[in-house]
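Student: I would like a close look at one part of this model, namely its surface. Please take it in one connected answer, with the side chains discussed one group at a time.

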Amino acid sequence: IGASSSSSSSLTPSQLAQAFAEIPESIRPACTERQRRETEIMKQLLTTYFGIVQISLADKIPKAVTHFLVNRVRNDLQNELVSIFYKEHLFKDLLVENPEIATQRVAAQQMLKCLRSSAEVLSEIRDFRL
């Protein structure tokens with residue numbers, strides 16, 4: 001009995017079912033029709049449940065792997081960028097404003113000044129009519 005139980009643990013479910021099917025009727029316990037139906041229903045429910053679990057795991061495993069890969073790459077990239085950019089001798093070079101941006105900023109400030117002046121003139125004209 002001990003040898004057969006250790007060998008049965010290495011059998012696949014289909015091999016176990018086949019081995020059970022080969023058991024003579026005289027040794028099998030007698031089952032009523034209701035017990036057979038309940039057994040079949042339980043088999044169907046378990047098969048369906050394990051199918052759902054298998055699909056669920058098949059969906060979750062790639063997501064988990066992707067999650068851990070993305071987080072690791074993000075952390076490694078962040079560490080690499082911090083090590084590159086956080087050097088005091090580079091601060092002045094990194095904080096220099098692009099000349100094109102400086103020109104656009106000055107032009108925007110002049111436009112804002114003109115628009116404020118125009119708004120002031122318009123409000124004076126509106127007040128004058130009243």
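Tutor: Of the 130 residues in the protein chain, 0% count as buried, and the model in which this holds is a predicted one. The accessible surface of the chain comes to about 12500 Å², and carbon and sulfur atoms account for 64% of that area.

The secondary structure behind this surface consists of five helices and zero strands, so that the pattern read along the sequence is α-α-α-α-α. Confidence should be kept in view while reading it: the mean pLDDT of the chain is 83, with 82% of the residues reaching 70 or more. Among the elements, helix 5, which covers residues 99-129, has the highest mean pLDDT, 92, while helix 1, residues 2-8, has the lowest, 44. Over residues 1-8 the pLDDT stays below 50, and this stretch has one contact in the model beyond near neighbours in sequence.

A nonpolar patch of about 890 Å² is made by Leu77, Leu81, Val82, Ile84, Phe85, Tyr86, Phe91, Leu94 and Leu95. Helix 3, which spans residues 33-85, supplies the largest share of this patch, five residues, and both helix 3 and helix 4 (91-94) contribute at least two residues each. Leucine 94, one of the patch members, has its place in helix 4.

In one, the side chains of lysine 43 and glutamate 40 meet with a distance of 3.6 Å from N to O. Lysine 43 and glutamate 40 lie three residues apart in helix 3, about one turn of the helix. Lysine 43 has a relative accessible area of 47% and is therefore partly exposed, and glutamate 40, at 40% relative accessibility, also falls in the partly exposed class.

In another, arginine 72 forms a salt bridge with aspartate 76, and the closest N and O atoms are 3.7 Å apart. Arginine 72 and aspartate 76 are likewise both in helix 3, here four residues apart, which is again about one turn of the helix. The two partners fall into separate classes of accessibility: arginine 72 is exposed, with a relative accessible area of 58%, whereas aspartate 76 is partly exposed, with a relative accessible area of 42%.

Another salt bridge joins the side chains of arginine 105 and glutamate 97, with an N to O distance of 3.0 Å. Here arginine 105 is partly exposed at a relative accessible area of 38%, and glutamate 97 counts as partly exposed at 38% relative accessibility.

Aromatic rings complete the picture, as the search of the whole structure finds one aromatic pair. The rings of tyrosine 49 and phenylalanine 50 have centres 5.5 Å apart and planes at 65°, so the pair is edge-to-face. Both tyrosine 49 and phenylalanine 50 are exposed.

Methods. Residues are numbered from 1 along each chain as its sequence is written. This is a predicted model: local features need pLDDT of at least 70, side-chain atom pairs count only at pLDDT 80 or more; totals for chains, interfaces and linings use all residues. Side-chain values use heavy atoms; hydrogens and water are left out. A salt bridge is a side-chain nitrogen of Lys or Arg within 4 Å of a carboxyl oxygen of Asp or Glu. Buried means under 20% relative accessible area, exposed over 50%, partly exposed in between (1.4 Å probe, protein chains only). Patches are made of residues with over 30% relative accessible area and no salt bridge: like charges are joined within 9 Å, nonpolar side chains (Val, Leu, Ile, Met, Phe, Trp, Tyr) within 5 Å. Accessible areas come from the Shrake-Rupley method with a 1.4 Å probe; for residues, only the protein chains shown count as cover. pLDDT is the predictor's confidence in each residue, from 0 to 100. Contact means heavy atoms within 4.5 Å. Rings of Phe, Tyr and Trp (its six-membered ring) pair if their centres lie within 6.5 Å; planes under 30 degrees apart count as stacked, over 60 as edge-to-face and the rest as tilted.
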